[in-house]
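Biologist: I would like to learn how to read a few features of this model. Please start with the pairing of strands.

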Amino acid sequence: GGSGGTMASDSEAQRALQYEQTLMYGRYTQDLGTFAKDEAARIRLQEGDTPRPRRPSELLEYTQGRCAPCRVCALQCQRFLISKVGEDWVFLILLGLVMALVSWAMDFAIATCLQAQKWMYGGLDTNVLLQYMAWVTYPTVLITFSAGFTQILAPQAVGSGIPEMKTILRGVVLKEYLTLKTFVAKVIGLTCALGSGMPLGKEGPFVHIASMCAALLSRFLSLFGGFYENEARNIEMLAAACAVGVGCCFAAPIGGVLFSIEVTSTFFAVRNYWRGFFAATFSAFIFRVLAVWNKDEETITALFKTRFRLDFPFDLQELPAFAVIGIASGFGGALFVYLNRKIVQFMRRQKTINRFLMKKRLLFPALVTLIISTLTFPPGFGQFMAGQLTQKDTLVTLFDNQTWAKQGLNDEFEYLGILEAWRHPRSNVFVTLVVFIVMKFWMSALATTIPVPCGAFMPVFVIGAAFGRLVGESMAAWFPDGIHTDSNTYRIVPGGYAVVGAAALSGAVTHTVSTAVIVFELTGQISHILPVMIAVILANAVAQSLQPSLYDSIIRIKKLPYLPELGWGHHEKYNVRVEDIMVRDIHYVTLNCKYRDLQQVLHSTKMKNLPLVESTESMILLGSIERAQVGALLSNQLSPHRRVLALRQKVLSEDGHRPSDAGISFQISTETSSGTPARPALRKPLKPALKRVPS
């Protein structure tokens, strides 16, 4: 009967267990807030009701004297301010404000530099040789200065900055990457590099600059309160800073937030979403307000305003052409990444070139600049590729909504203002565009490898726009009266194709879809939303199957730690186990190891951390201990002072004939001279090493 009873109770227990498992993780019997309050009250009662002083002790000294209320009030205001400064939105507003000012100041400086080059080139129009000298020397000097300055001040400022940010946001600590020195080097180096008129971008470096801004701001604000020193909080602020970087660069807050998420995060905490939006919107707003204040703009508008017709932006039968742009851009983007990587690897592999360039660091940037500026010299070869236009002017002309190609004898197109650069008396627009695309493609891939702060987004964006324009002009020449068959004719708008091409190629190179949104915010028109999305998605599909994104490619070149994406056709890699890639013969410390074992481990390995196991038989991991700590403990235990103490105790114990077990927590017993076994008390003093210290 007894056994039957136990069986019944067993089955009941099982049933109860099953019932508990069906409840989703148990239920809350009480709201967490009320529970916390009750618990606090209970603890307070336990400790005994000691009545607390009404005013904190700091206020007591202010309460005497005539002006007491004022002083107390001032102190409370100060406290209130300090508590408010700690809130996110204050930090985000400051970050947005600083970045907008930096962005605007840099744009102003860059525009001035480019204007100076134009002025020098235009002022010497009597002599072609002098013109050429001015055209080539100016960028070469600027780029060389930029390279030299960053090399001397902070070599970490070289390159884009997005690959490094990607690595930092994944939790890897990169030394010196977010310091004031790097910030100064990056800002000045980038201003000079972009002021030279080379095909370089500013979007990647801006993400890095914004991140440095956030790091420096939180360091500054940690004077007010300690919560800015929190590691997790800093990572959240850096995630917001990446969005600000893109937002204030293009005045595109929404695209900026999405782009920063796509580019920098493997996973994204949604709680950072509003932070990024808030800071990026504020930053973009201030950036455009500054332009209005400086009388550059009449009101806040998009950076590259387009004026496509809205009633009939494109015909449905044009969609295949947009799809072709997308697929071609996918191949083009993969080729760009491949070319960029190959150039770097070629420079590294050639030992003679490498040795020569390492000695004369500034020669490579100067040579590249010389070649590129020679080829873009307007009276020379530059006349076939709109050489005199800056990147901004190029984009403005490519997004122009008139058709350039001749469509009939009667409507001869008038090239006005900066559009003049695309016209060549002996060749047509198509030749100019093709030459521009081909030349700019390898020039940009080459220019982004020189050691100055520079991004690759803008040059790729411009090449994409030119490719789109080429397809658009071809379509317009093919269907001069538009495709529409009904009575009313709608001409084809090549500017729309340029917008699609720009989004598709930049999306393919960076492996992002948010370039579509950036394009809408840059042009201020959303009329081509469908073609842009189709092209960007197709471009991404093609590029992702061929090459890693440009940023991942740079991460691999720089050998930064990263987790590779398991792409298509790598299913067998999912079956790789940890034990297949782990190191087996590893040196370790056991709980009851002797001094000799410790010395042997320290001499035989260079590892910074040593694993601590229970014993050689069980091999249960208890934790790890830093090599430096082991060294410090040893030198402490074996210091001359300790030896004298030990000897004194030995003498005392021999005098008093009583064994002493005081003080020495590490017993050294290499040879037991007297034949007595080592004391079993060895394990006791080592126990505290296992207690986890709160980090």
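Modeller: Two strands pair if DSSP finds at least two bridges between them. Helices (H or I, at least four residues) and strands (E, at least two) are DSSP runs, numbered from the N terminus. Here five bridges join S2 to strand S3 (residues 621-626), and the two run antiparallel. Within this pair, Pro 611 stands opposite Ser 624 in S3.

Biologist: What should I know about the model and its numbering?

Modeller: This is a predicted model, in which local features need pLDDT of at least 70 and side-chain atom pairs count only at pLDDT 80 or more, while totals for chains, interfaces and linings use all residues. Residues are numbered from 1 along each chain as its sequence is written, and side-chain values use heavy atoms, with hydrogens and water left out.

Biologist: How many bridges join strand S1 to S2, and do they run parallel or antiparallel?

Modeller: Strand S1 (residues 589-590) is joined to S2 by two bridges, and they run parallel. Thr 590 of the chain stands opposite Val 613 in S2.

Biologist: Why is S2 described as largely enclosed?

Modeller: Buried means under 20% relative accessible area, exposed over 50%, and partly exposed in between (1.4 Å probe, protein chains only). Strand S2 (residues 609-613) has four of its five residues buried, so the rest of the structure largely encloses it. Across the chain, buried residues make up 45% of the 695 residues.

Biologist: How many helices and strands are there, and which helix is mostly covered?

Modeller: The chain has 27 helices and three strands. Helix H7 (residues 162-169) is mostly covered, with eight of its eight residues buried. Among them are Glu 164 and Lys 166.

Biologist: What do the buried residues of H7 pack against?

Modeller: Contact means heavy atoms within 4.5 Å. The buried residues of H7 pack against helix H9 (203-221), helix H10 (231-250), helix H11 (253-264) and helix H22 (550-557). After H7 comes Gly 171, with a positive phi near 100°.

Biologist: Which residues form the nonpolar patch on the surface?

Modeller: Like charges are joined within 9 Å, and nonpolar side chains (Val, Leu, Ile, Met, Phe, Trp, Tyr) within 5 Å. Accessible areas come from the Shrake-Rupley method with a 1.4 Å probe; for residues, only the protein chains shown count as cover. Phe 145, Leu 180, Val 184 and Ile 188 form the patch, with about 320 Å² of accessible area together. Helix H8 (residues 180-195) gives the most to it, with three residues.

Notes:
Patch = residues over 30% accessible without salt bridge, like charges linked within 9 Å, V, L, I, M, F, W, Y side chains within 5 Å. Salt bridge = Lys/Arg side-chain N within 4 Å of Asp/Glu carboxyl O.
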